[in-house]
Amino acid sequence: AWRVLAAVAQRQGRMEDAGQALKDGIVKNPNSAALFTMAGIMLRDMGRFEEAATTLRHTLTLDPAQQEAALALGNLLARSGRIHEAEAVFQAACKNMPEEPRFPLQLGRIMLTVGNTEFAREAFKKAVELARKILARNGDKLQDTSVYVEAATHLGTLLLDEGERLQALDY
């Protein structure tokens, strides 16, 4: 109920009410990873990045498999230039959620940023492999398709850059 109240208030632009609903919910449910995730994302959206990072880190101590918290935290850290911290978040997410293709995709992006193309290539391969499995199992859902397309595009580009034309055609 707290998440719904917060979501409605947030959509209506009543950020103070949304924040209060989340605070009330957290007081009554201090172990709710979902409430902490929502609070962290809301803080990020309000530009309160350090508070958001702290809240999202706390979420992951409550539930290391909280996908949206890991994505939000890793991306927030990467955008803030804290690349090694973001890498650690995505590495842990890959370990805690090994079937989720978004984490190796994000890890591959970070590895490209730091110039580690070999690691990036392996991460993109993993993301493609996982996304293919999900697509085969669930059909073409937009999120799954977009992860596949992005990972395959990065991987194909890296392979072309390395002179692996025939292999790049597979992606």
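Tutor: Buried means under 20% relative accessible area, exposed means over 50%, and partly exposed lies in between (1.4 Å probe, protein chains only). This is a predicted model, in which local features need pLDDT of at least 70 and side-chain atom pairs count only at pLDDT 80 or more, while totals for chains, interfaces and linings use all residues. Residues are numbered from 1 along each chain as its sequence is written, and side-chain values use heavy atoms, with hydrogens and water left out.

Student: How many salt bridges does the structure hold?

Tutor: Side chains of opposite charge can pair when their charged atoms come close. A salt bridge is a side-chain nitrogen of Lys or Arg within 4 Å of a carboxyl oxygen of Asp or Glu. The number of salt bridges in the structure is 14.

Student: Is glutamate 122 buried, partly exposed or exposed?

Tutor: Glutamate 122 forms a salt bridge with lysine 125, with the closest N and O atoms 3.8 Å apart. Both residues lie in helix α8 (residues 117-138), three residues apart, about one turn of the helix; helices are DSSP runs (H or I, at least four residues), numbered from the N terminus. Because its relative accessible area is 43%, glutamate 122 is partly exposed.

Terms used: Helices (H or I, at least four residues) and strands (E, at least two) are DSSP runs, numbered from the N terminus.
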